[in-house]
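Subject: The two-chain model, with notes

Hello,

Here is the structure I promised to pass on to you. Please have a look at it first, and then read my notes below with the model open beside them.

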Amino acid sequence: MVNAATSNTVYEPVPYWAKLPHPMFFKEATSVAVDSQDNVYVFNRGDHPVIIFDKEGNFIETWGAGEFVRPHGITLDADDNLYLADDDAHMIEKRTKEGKLLFRLGEKGKPAAWQDGDPFNRPTHVAIQPETGDLFISDGYGNSRVHKYDTDGNYIKSWGEPGSLEGQFSLPHNIAMNGTDKVTVCDRENFRLQTFTTDGEFVKQIHSHRPIAITDGKGDDTNLYVAEAGPPPVQEGVRRLGRRVIVMDREGNEVTRFGNELGGEDHDQFIAPHALAVDSEGSVYVAEVSYTAFGSQQDPVREVTSLRKWRRVSG
Amino acid sequence: MTTATTETRFEPVAGWAKLPMGVTFKGDATSVAVDSKDNVYVFNRGSEPIAVFDTDGNFLRGMGHGEFVRPHGIEIDAQDNLYLVDDDGHFVQKRTNEGEVLFTLGTTGEPCEWQSGGMFNRPTDIAIHPETGELFVSDGYGNSRIHKFDSDGNHIISWGEPGTDPGQFSLPHNISMMGTDKVVVADRENFRLQVFSTDGEFVEQIHIHHPMSVTEGKGNDKAIYVGEMIPPPVQQGVPNLGAMIAVLSPDGEFQQHLGGPTPGAGVAQFTAPHGISTDSQGSIYAAEVAWTNYFSRPENSGTEEIPLGEIVSLRKWRRV
């Protein structure tokens, strides 16, 4: 286990990290999680929705073919169970790491009424309280809400509504624990992070450029990791507008950042970061929806890099 | 007029501007300023680029026909001179109240290099120091910069660069004085206001939804009025996201929203409050780019062609 990164910490990209058995492909790797053994779970939109690698990028196994509508978010708990958010299926599934279904929240394929606040309308991500196992779900593309469940999936409460004031959301896209008593939400289209107590009391907001993904460090690494999305079309091509990873302390103070000033396909660039995870060595995995954002618009369409590893090399 | 608060009541004035037959804003009133007599100047993309009204909305005169490329921003100084910002023309022009050109900053039709920090690449708005007459220009669609000039148009300093940190910009779209020692910038695609000293020192940032326009109240009204743009397409139709006027306290605390909860042509709604001003009575004028930013999109209007009839793009909300 590593300590929290500092401003002296150096990260470097690991080119071609994931080694996919031919002809397996991601199409795009929407989200990524790391288990207690530092194995890496990639929830993707190819024909094999969950693909598992060791930390060197060697393929271990895959499961879930045909069982998901649109993979979106993946989280692992302390016992290495998986929580999979499928936005277009309007469901969250808890599965063992071997893929066995333990329970499902929401009814597969049946959304709650748009923006009514009930679970779920295109939920995006899950955070798990490390001691109680309570679940916090960001919801999502068709709602403006965070839902809290106990560890068995019993509903506890919800908060949030559409808007731009404190406690309101415009596309809550990711959620992470912030210590054991708070959660931080990527309020994506409000260009801010919002932190709440685990009871849903607003604590603070932090400006961020279209924050799309958040995760917390493992063990003694108390930092939060935030991936920022790129700008709207009117600002396309302008430098330093998102497409990078910000490492911050729990108060939201920036520690360091990495990624090029411009998006792209080079090893130090991002195209469309969408989720991230950190392993016990402090290395960072970033999953990107780079097919949706870029590859699908090429002629001919093509798969482009959608999973990056940045190794923590010093500091 | 006192500073507007949560208690202050505003009500929309339907059909305020009385346009003579043949005069049209073409759906894009774009920007508005009020002079010392509470006359209202609308810098628009229609037939009379500078259309002047009295406080009751009676048309007084039109100016500037054929003299602008794409009207974007207007401000009026303490002597009732006009400052006009033409983004696609890449210039800022000072004119007398009657429309005579006093000076032009920038060269018409000749931008500086994109995002180079020079002057100008699609400038957006201007603020004028009430005592010194110094000018602060936000620049803009092709730059990430604030330029400061003295009252004669001599360049003093510039600040800002592309980015999201304090002091960086992603489309600085509007600028206003805050008292006599600060300016506030609508950092539009960063979803925040940024406050600077008049020397360009960063003071603070204030979170707000997609700010297009910003102005300070007149006289003793020290409230900040912000026009919020609609959300990006992914959030289309979600209530309480932009297309509203936010009223903030002088230190940036939210007081109330006008309009909403969704965009529209209704009397108490907005589509794209692109320019904003207040008068001595505390009333608010909002000039919209209703065609360009809203109704030109088929998902909003059902058509790709500008309709024959006028599209509402100028709003007055009376302080009651």
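**Hairpins in chain B**

Strands S4(B) and S5(B) make a hairpin, with five residues between them, and Gly57(B) in that turn has a positive phi of about 90 degrees. Please keep in mind that this is a predicted model. The two strands, residues 50-53 and residues 59-63 of chain B, run antiparallel and are joined by four bridges. In this pairing Phe53(B) faces Phe59(B) of S5(B).

Four residues separate S15(B) from S16(B) in their hairpin, and here it is Phe191(B) in the turn that has a positive phi, of about 50 degrees. S17 covers residues 202-207 of chain B, and five bridges connect it to S16(B) in antiparallel fashion.

On one side it is the bridge partner of Val184(B), and in S17(B) its partner is Glu204(B).

**Chain B as a whole**

Chain B has two helices and 24 strands. Its radius of gyration is 18 Å, close to the 20 Å that the globule rule gives for 320 residues, so chain B is as compact as a globular protein of that length. The C-alpha trace spans about 45 × 40 × 40 Å along its principal axes. Of the 320 residues, 51% count as buried. Among contacts in chain B with a separation of 6 or more, 48% are between residues 24 or more positions apart.

**The cores**

Which residues have the most contacts inside the largest nonpolar core? They are Val32(B), Tyr41(B), Val42(B), Ile126(B), Val226(B) and Ile245(B), in a core of 75 residues. Strand S20 of chain B (residues 244-248) supplies the largest share of this core, with five residues. There is also a second, separate core of 73 residues, and it includes Ala18(A), Ile92(A), Val245(A) and Met248(A). As general background, nonpolar side chains tend to be buried together in soluble globular proteins.

Beyond its neighbours within four places in sequence, its contacts include Ala186(B), Leu193(B) and Ile208(B). Pro211(B), Ser213(B) and Val214(B) are also among them, as are Ile245(B), Ala246(B) and Leu248(B).

**A sheet in chain A**

In chain A, four strands form an open antiparallel sheet in the order S18-S19-S20-S21. S18 (211-216) and S21 (254-258) of chain A are the edge strands, each pairing on one side only. From one strand to the next, the twist averages 20 degrees. S20 of chain A (residues 244-248) runs antiparallel to S21(A), and four bridges join the two. Within this pair, Ile246(A) sits opposite Arg257(A) of S21(A).

**Where the chains meet**

How many residues does each chain bring to the contact? Chain B contributes 23 residues and chain A 24 residues. The side of chain B that touches chain A is made up of 10 nonpolar, 11 polar and two charged residues.

Conventions:
Residues are numbered from 1 along each chain as its sequence is written. Chains are lettered from A and ligands numbered from 1 in the order in which they are written. This is a predicted model: local features need pLDDT of at least 70, side-chain atom pairs count only at pLDDT 80 or more; totals for chains, interfaces and linings use all residues. Two residues are in contact if their C-beta atoms, placed from the backbone, lie within 7 Å. Ala, Val, Leu, Ile, Met, Phe, Trp, Tyr, Cys and Pro count as nonpolar, Asp, Glu, Lys and Arg as charged, and the others, Gly among them, as polar. Two strands pair if DSSP finds at least two bridges between them. A nonpolar core is a set of buried Ala, Val, Leu, Ile, Met, Phe, Trp, Tyr and Cys residues joined through C-beta atoms within 7 Å. A residue is buried if 20 or more other C-beta atoms lie within 10 Å of its own, exposed if 12 or fewer, and partly exposed in between; C-beta atoms are placed from the backbone. The radius of gyration is taken over C-alpha atoms; the globule rule is 2.2 Å times the number of residues to the power 0.38. Axes are lines fitted to C-alpha atoms, for helices over the stretch in contact, and angles run from 0 to 180 degrees between N-to-C directions.
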